[in-house]
Amino acid sequence: MNVVFLGPPGAGKGTQARRLAERYGVAHIATGDILREAMASGSDLGRKAKSYYDRGELVPDEVMLEVVAHRLRQADAAQGFVLDGFPRTVPQAEGLDRILRSMGRRVEAVLLFQVPQPALVRRLAGRWVCRAAGHVFHEVYSPPKVAGRCDHDGSELVQREDDRPETVERRLEVYVRQTEPLVEYYRGRGLLHTVDASADPDEVARRVEAALREAGAL
Ligand code: ADP
Ligand code: AMP
């Protein structure tokens, strides 16, 4: 399974990618998670990313391509991957194709997560993530069993800096301007499958698996 999850912030890509990767034993590669870890540890990558991240802008393509090229070569990605939040620009998609070609691999399917904008804003405003591992909750749609604590590892739940309303607005604009052109990029290559992701998480998971089966990626 070598697949890309595409869609606006808050569409539920991370929620579904984590489930799918656990179920099928493939790598969940979330570039946003990689950047948040890098910023928390204060690494070179974290320092490079921070000013873009905080404004809701995209980190430069060459930085992201290096991150993904390295990550795809790690052992757990050999069985397959779900890319979540990457690519986000046409040059990133072209770079991804080059990296995979050099490894004798390719993207098999791209799932476009579709959710109406007002629902995206509600999902982002109520998102809480755990400090330890980035497990994702929602205060209304998927609340933790104990308020403020992760169900999986007990760590503290926090809101993402970039989920503040001003930054959310900017991220949605950036999505339309810089990432949405990928819809045509992948449609033109016959790889695009749309998923109505406005239902509850279990139903969306069924739709994701159905779309992957139809695409021959599962
Ligand atoms: P993305 O990775 O696309 O930005 P997330 O998976 O982090 O999105 O989901 C954004 C927020 O919406 C989280 O708080 C998550 O718990 C919640 N969420 C995810 N999927 C659904 C769903 N199908 N219905 C309602 N809320 C959802
Ligand atoms: P996400 O967790 O996917 O919502 O990403 C959070 C932020 O990380 C984005 O707003 C960008 O600043 C940065 N980011 C994540 N993935 C990428 C990418 N593929 N290209 C550029 N910036 C990215």
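The model is predicted: local features need pLDDT of at least 70 and side-chain atom pairs count only at pLDDT 80 or more, while totals for chains, interfaces and linings use all residues. Residues are numbered from 1 along each chain as its sequence is written, chains are lettered from A and ligands numbered from 1 in the order in which they are written, and side-chain values use heavy atoms, with hydrogens and water left out.

**Ligand 2**
- Ligand 2 is surrounded by 16 residues, the closest being Thr 31, Arg 36, Glu 57, Gly 85 and Gln 92; a residue is near a molecule or strand if one of its heavy atoms lies within 4 Å of it.
- A nitrogen atom of ligand 2 lies 2.8 Å from a polar side-chain atom of Thr 31.
- For Gln 92, an N or O atom in the side chain is 2.9 Å from a nitrogen atom of ligand 2.

- A polar backbone atom of Gly 10 is 2.9 Å from an oxygen atom of ligand 1, and an N or O atom in the side chain of Ser 142 is 3.2 Å from an oxygen atom of ligand 1.
- A polar backbone atom of Pro 201 is 3.4 Å from a nitrogen atom of ligand 1.
- Pro 201 belongs to helix α9 (residues 201-215); helices (H or I, at least four residues) and strands (E, at least two) are DSSP runs, numbered from the N terminus.
- Pro 201 has a relative accessible area of 36% and is therefore partly exposed; buried means under 20% relative accessible area, exposed over 50%, and partly exposed in between (1.4 Å probe, protein chains only).
- Not counting residues up to four places away in sequence, Pro 201 touches Gln 16 and Arg 19, where contact means heavy atoms within 4.5 Å.
- The C-alpha atoms of Pro 201 and Tyr 141 are 8.9 Å apart, although 60 residues separate the two along the chain.

- Leaving aside neighbours within four places in sequence, Leu 72 is in contact with residues including Ile 29, Phe 81, Leu 96 and Met 103.
- Arg 71, in helix α4, counts as buried because its relative accessibility is 14%.
- With neighbours within four places in sequence left aside, the contacts of Arg 71 include Ala 27, His 28 and Asp 76.

**Packing of α7 and α8**
- Helix α7 (residues 165-179) and helix α8 (residues 181-188) pack at an angle of about 40 degrees, with axes 5 Å apart; axes are lines fitted to C-alpha atoms, for helices over the stretch in contact, and angles run from 0 to 180 degrees between N-to-C directions.
- In α7, Val 176, Arg 177, Gln 178 and Thr 179 meet Pro 181, Leu 182 and Val 183 of α8.

How values were computed
Polar contact = N/O pair within 3.5 Å; in protein donor to acceptor, adjacent residues only side chain to side chain.
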